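Please consult the sequence and the model while reading.

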Amino acid sequence: MPERLNFSLRSDESDRLLVAKFSPNAPCPCGSGKKYKKCCAPFHKGAQPKDALTLMKSRYSAYAAGESGYILKTTHPDNVDFSEDRAAWKRSVDAFCKSTAFLGLEIVDVQEGVEEAYVTFTAHLDSGDLKERSRFVKEEGRWLYHSGEFVPLS
């Protein structure tokens with residue numbers, strides 16, 4: 001059973017919703033074994049992931065850490081969940097983050113390309129495991145999450 005990560009609650013000033021925030025010294029939710037502050041936190045603060053795999057892992061960590069702004073910022077406009085009503089979209093992501101325990105991440109397959117890449121992963125959540133094949137595209141030098149399709153668990 002994956003170890004639960006330590007976190008504290010903070011108030012998000014934009015809408016006063018309480019979300020989980022990991023201690024900078026906690027293990028990174030992506031499973032790298034590094035401290036959060038040395039792994040995915042820099043991406044949540046503005047650093048650009050060098051490839052689709054790094055983006056995928058940092059997005060998982062963003063969900064786990066309640067960093068909804070990062071999810072919005074790294075989602076392609078053609079994604080089905082993309083919304084021009086960013087406040088409502090952010091509230092929706094915040095609610096998901098708050099109501100879900102993120103228990104671990106397994107990378108199943110990576111197909112890297114220059115402008116397009118696919119990452120298949122299994123996310124272990126308190127509500128059950130989720131396996132997805134995600135498509136990422138690189139636009140104007142930035143990797144973005146474009147879409148994903150659920151894959152049967154094996």
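Phenylalanine 102 has leucine 125 in strand S4 as its bridge partner. The model is predicted: local features need pLDDT of at least 70, side-chain atom pairs count only at pLDDT 80 or more, and totals for chains, interfaces and linings use all residues. Residues are numbered from 1 along each chain as its sequence is written, and side-chain values use heavy atoms, with hydrogens and water left out.

Strands are DSSP runs of E with at least two residues, numbered from the N terminus. Two of them pair if DSSP finds at least two bridges between them. The table lists the pairings.

| Strand pair | Bridges | Sense | Residues in the hairpin between |
|---|---|---|---|
| S3 (residues 102-111) and S4 | eight | antiparallel | four |
| S4 and S5 (residues 128-139) | ten | antiparallel | two |
| S5 and S6 (142-150) | eight | antiparallel | two |

Strand S4 covers residues 116-125. Eight of the ten residues in S4 are buried, that is, under 20% relative accessible area, where exposed means over 50% and partly exposed lies in between (1.4 Å probe, protein chains only). S4 pairs with S3 and also with S5. Glutamate 116 has valine 137 in S5 as its bridge partner. Further along the sheet, arginine 133 stands opposite glutamate 149 in S6.

Which residues gather in the patch of negative charge on the surface? They are Asp78, Glu115, Glu139 and Glu140. Such a patch is made of residues with over 30% relative accessible area and no salt bridge, like charges being joined within 9 Å. A salt bridge would require a side-chain nitrogen of Lys or Arg within 4 Å of a carboxyl oxygen of Asp or Glu. Asp and Glu count as negative, and the place of the charge is taken as CG of Asp or CD of Glu.

Most residues other than glycine have a negative phi. Glutamate 140, although not a glycine, has a positive phi of about 50°. This positive phi occurs in the hairpin of S5 and S6.

How values were computed:
Patches are made of residues with over 30% relative accessible area and no salt bridge: like charges are joined within 9 Å, nonpolar side chains (Val, Leu, Ile, Met, Phe, Trp, Tyr) within 5 Å. Accessible areas come from the Shrake-Rupley method with a 1.4 Å probe; for residues, only the protein chains shown count as cover.
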